[in-house]
Amino acid sequence: MQVRSVPLAGSAAKRPQGSDTGLCARRAEIGHNTRVMESLRVENLTKDYPMGERVVRALDGISLEVVPGEFLGVVGRSGSGKSTLLNLLAGLDRPSSGSLWVGERDLARMSPEQLAHHRQHTVGIVFQFFHLIPTLTALQNVELPMAFSGLGPGKRVEKARSLLENVGLSQRLDHVPSQLSGGEQQRVSIARSLANDPQFLLADEPTGNLDSATAGEIQEIFKRLHLEGRTVICVTHEQDLWKESLDRVIELRDGRLFREERLGRSEGGGNGIPDGED
Ligand SMILES: Nc1ncnc2c1ncn2[C@@H]1O[C@H](COP(=O)(O)OP(=O)(O)OP(=O)(O)O)[C@@H](O)[C@H]1O
Ligand SMILES: [Mg+2]
């Protein structure tokens, strides 16, 4: 395997304290909430899919650290393992071997209940094809993940409305997905991903199904959400569209980390969030 690292401006910045131990954490102020932001560490991760007699190795020994507040792009040819990696980070699937540390918690060793909690509260996920529930309105789609959050029904509606307003959809609350454009559906899915205030926003080609003007608008929303203090990991085929936002790009090839490039912003993200106590 060849890993080519291309250091650009800012790459000599100090590593955040504690990043070697997985204890690195910052705090971000978002609205009235203070969120602890943890590092994410992937160690020698593999994922095999059994296919009858054969095994497809989709990930082949990936090691990676994402620091709190970073905006990471993941690129690579079709079949290189990008979605597989994102799904493992999201807790939608389990690795075949290796570790996935979020702060001090290893996703690979979590119980099903702990993994469900990770999906509901730690990460927000945005997909290329939106994955909205077709029979529910925009408001109901955003409200749904809050069902087990402990918020009462009135507060849930209030929060869903505010999240949709925040992505410019206050005039479309009662529309079902078939009554929304692609860009509007993606805005609903972004609002839904934020329902439980996740510290990580994971996106799998979120602009892959949109025209270029709409894709630009969606990219701007992600940029703002990052600047508000979230760690963002975005799989994309459109590096040119995303590069002004990204702190770093990694390229996967045949399930391996092939190339890494820093994009000239300070390490750990350009959102200006001060380091917090570990
Ligand atoms: N459920 C599965 N069973 C068997 N093989 C799979 C499965 N999911 C993915 N693969 C294989 O694993 C490899 C990586 O797939 P993955 O979906 O992660 O690629 P990708 O980089 O996201 O591609 P694309 O850019 O086309 O979305 C591919 O060779 C794919 O065929
Ligand atoms: Mg994919």
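Modeller: Let's start with strand E10 (residues 200–204), which is mostly covered, as five of its five residues are buried. Buried means that 20 or more other C-beta atoms lie within 10 Å of a residue's own; 12 or fewer is exposed, in between is partly exposed, and C-beta atoms are placed from the backbone. Strands (E, at least two residues) and helices (H or I, at least four) are DSSP runs numbered from the N terminus. Please keep in mind that this is a predicted model, where local features need pLDDT of at least 70 and side-chain atom pairs count only at pLDDT 80 or more, while totals for chains, interfaces and linings use all residues. Residues are numbered from 1 along each chain as its sequence is written, and chains are lettered from A and ligands numbered from 1 in the order in which they are written.

Colleague: Which residues lie on the two faces of E10?

Modeller: In a regular strand, side chains alternate between the two faces of the sheet. In E10, one side carries Phe200, Leu202 and Asp204, the other Leu201 and Ala203, and all are buried.

Colleague: Which strands pair with E10, parallel or antiparallel?

Modeller: Two strands pair if DSSP finds at least two bridges between them. Strand E9 (residues 123–127) runs parallel to E10, joined by five bridges, and valine 126 has alanine 203 as its bridge partner in E10. E10 also pairs with strand E11 (residues 231–235) in the parallel sense, again over five bridges; there, leucine 201 is partnered by valine 232.

Colleague: What unit do E10, helix H6 and E11 make?

Modeller: A right-handed β-α-β unit, with H6 covering residues 212–227. Right-handed means that, with the strands pointing away from the viewer, the path from the first strand over the helix to the second runs clockwise.

Colleague: How many residues has the largest nonpolar core?

Modeller: A nonpolar core is a set of buried Ala, Val, Leu, Ile, Met, Phe, Trp, Tyr and Cys residues joined through C-beta atoms within 7 Å. Here the largest one has 60 residues, and those with the most contacts inside it are Val74, Leu89, Val142, Leu164, Leu202 and Ile233. Helix H1 (residues 82–90) gives the largest share of this core, five residues. Take leucine 202 as a case: leaving aside residues up to four places away in sequence, its contacts are Leu86, Leu89, Ala90, Val123, Ile125 and Ile233. A contact means two C-beta atoms, placed from the backbone, within 7 Å.

Colleague: Is H1 mostly covered or mostly open, and how many of its residues are buried?

Modeller: Mostly covered: eight of its nine residues are buried, among them Leu85, Leu86, Leu88 and Leu89. Just after H1, glycine 91 takes a positive phi of about 75°.

Colleague: Which residues surround ligand 1?

Modeller: A residue counts as near if its C-beta atom, placed from the backbone, lies within 6 Å. The shell is Tyr49, Met51, Val56, Ala58, Gly76, Ser78, Gly79, Ser80, Gly81, Lys82, Ser83 and Thr84. H1 supplies the largest share, three residues, and E4, E5 and H1 each give at least two. By class, the shell has four nonpolar, seven polar and one charged residues (Ala, Val, Leu, Ile, Met, Phe, Trp, Tyr, Cys and Pro are nonpolar; Asp, Glu, Lys and Arg charged; the others, Gly among them, polar).

Colleague: What is the strand order in the open sheet of four strands?

Modeller: The order is E5-E4-E7-E8, with antiparallel pairing. Strand E5 (54–66) and strand E8 (105–106) are at the edges, each with a single partner strand, so one side of each has no neighbour in the sheet. Inside the sheet, five bridges join E4 (residues 40–51) to E7 (residues 97–102), and threonine 46 stands opposite serine 97.

Colleague: Where is phenylalanine 130, and why does it count as buried?

Modeller: Phenylalanine 130 is in the loop between E9 and helix H3 (138–143). It counts as buried because it has 20 C-beta neighbours inside 10 Å. Its phi is near 65°, a positive value in a residue other than glycine. Aspartate 197, in the loop between helix H5 (182–193) and E10, has a positive phi near 50° and is partly exposed, with 16 other C-beta atoms within 10 Å.
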